[in-house]
Amino acid sequence: MVKTVLVTGGCGFIGVNFVRLLLANHKDWQVINLDKLTYAGNLQSLAGVENEPGYTFIRGDICDSALVADLFEKYQIDTVVHFAAESHVDRSITGPAEFIQTNIVGTFTLLEAARKQWLREGEGRSDLCRFLHVSTDEVYGSLGKTGYFTEETSYDPRSPYSASKSSSDHLVRAYFHTYGLPVLITNCSNNYGPYQFPEKLIPLVLNNALQGRELPVYGDGGNVRDWLYVRDHCEAIARVIENGTVGQSYNIGGHNEKKNLEVVELLCDMLDVKVGPLKSGESRRSLITFVKDRLGHDRRYAIDAGKIAEELGWTPKFTFETGMEKTVDWYLNNRAWMESVMDGSYRKYYEEMYGS
Ligand code: NAD
Ligand code: TYD
């Protein structure tokens, strides 16, 4: 079925990969990308697809209720895929206010616009509509050495980031139970892949290791994350939009639990092979530096993705090895992207195209 999809945060890491997937696989769908272009949004990441006939970019804030209502009306949006968020835990510790605003108030603004447009009395359009809220496994808190997060696990957020995402999940669910808004929630584990902003572990380590700079590992490096290649996440989201049951949550994970130190060492070894060791002849592992731990650092995340596998037939296609191979190659082949993000010149691209 043809859809008109409002993608929020489509200039961020996962949003860019998702917009690219939709434009490649659903050529008859209309994609409206609403993004504020914060430090994490990069229009250059969509170079090459921005002139596709099914694609429209709108620079704006999801908290701007008049703008959001206008977009619903003007484009007759029937599907929302809501990525826009402040997404970095470390920033939420030093400056939580933006997280409350975008992640909670912004989600509320979108829900209100959808409610007003889709549930208008007498129109009966809501059966065809879907509001997919993209959330995180961090809402479930931290695991011990064993166990997995299922959709039934109680929420136990422990950082301002995960608390703001939990709040937005609760609002989304409330709009289903109270108003009958056709919502879906996905809770995904850590993603990696092309176009990730280099404040997150994997692109940060790649960038620093290439430049011969220190690789900061928090605490003892024993914290565990369940890594998923971003393409697999995007395909899971597309599957949930098309076949998910409204009102339900779906956990998405990669079956790839790794300690942070293992990830950093693997990246060092891959770069040593692909581009050679440091000028000194030493391995890039010599750059690893243990630094002060993150406040309230969650020890382990691990997803039980059985529900989405059984109900929607989704399982990840990439192993950690194949996904990392593609990721490292992408960053090596796209050094200009990384450099423009690091020196801030990616902003000039936007200004040249759209004015400041
Ligand atoms: P990101 O930080 O790379 O991108 C966020 C995007 O949202 C940017 O383009 C930014 O400009 C935009 N944005 C921020 N505030 C906005 C606002 N007020 N109005 C409009 N646009 C705004 O984030 P990401 O890693 O792509 O994550 C996307 C979503 O997926 C988030 O909701 C995040 O919680 C969730 N998620 C991420 C991961 C992960 O590993 N990255 C894992 C699970 C879930
Ligand atoms: P991150 O990529 O920030 O994702 P999240 O906090 O959402 O899981 O961090 C992944 C893990 O890597 C997390 O346990 C924190 C750790 N980490 C470091 O050890 N060093 C770093 O420089 C960063 C950014 C993260």
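Select Glu235 and Arg231 in this predicted model: the two residues form a salt bridge, with 3.1 Å between the closest N and O atoms (a side-chain nitrogen of Lys or Arg within 4 Å of a carboxyl oxygen of Asp or Glu). Both residues lie in helix 7, four residues apart, about one turn of the helix. Helices are DSSP runs of H or I with at least four residues, numbered from the N terminus. Across the whole structure, 17 salt bridges are found.

Helix 1 (13-25), helix 7 (230-243) and helix 10 (320-333) each give two or more residues to the lining.

Next, display helix 10 with helix 11 (residues 335-343): their axes, lines fitted to C-alpha atoms over the stretch in contact, come within 5 Å and cross at roughly 70°. Helix 10 is therefore roughly perpendicular to helix 11 (65 to 115 degrees). Trp330, Tyr331, Leu332 and Asn333 of helix 10 meet Arg335, Trp337 and Met338 of helix 11, contact meaning heavy atoms within 4.5 Å.

Residues are numbered from 1 along each chain as written, and chains are lettered from A and ligands numbered from 1 in written order. Local features need pLDDT of at least 70 and side-chain atom pairs 80 or more, while totals for chains, interfaces and linings use all residues; side-chain values use heavy atoms, without hydrogens and water.

Terms used. Axes fitted to C-alpha atoms, helices over the stretch in contact; angles between N-to-C directions. Parallel < 35°, antiparallel > 145°, perpendicular 65-115°, else oblique.
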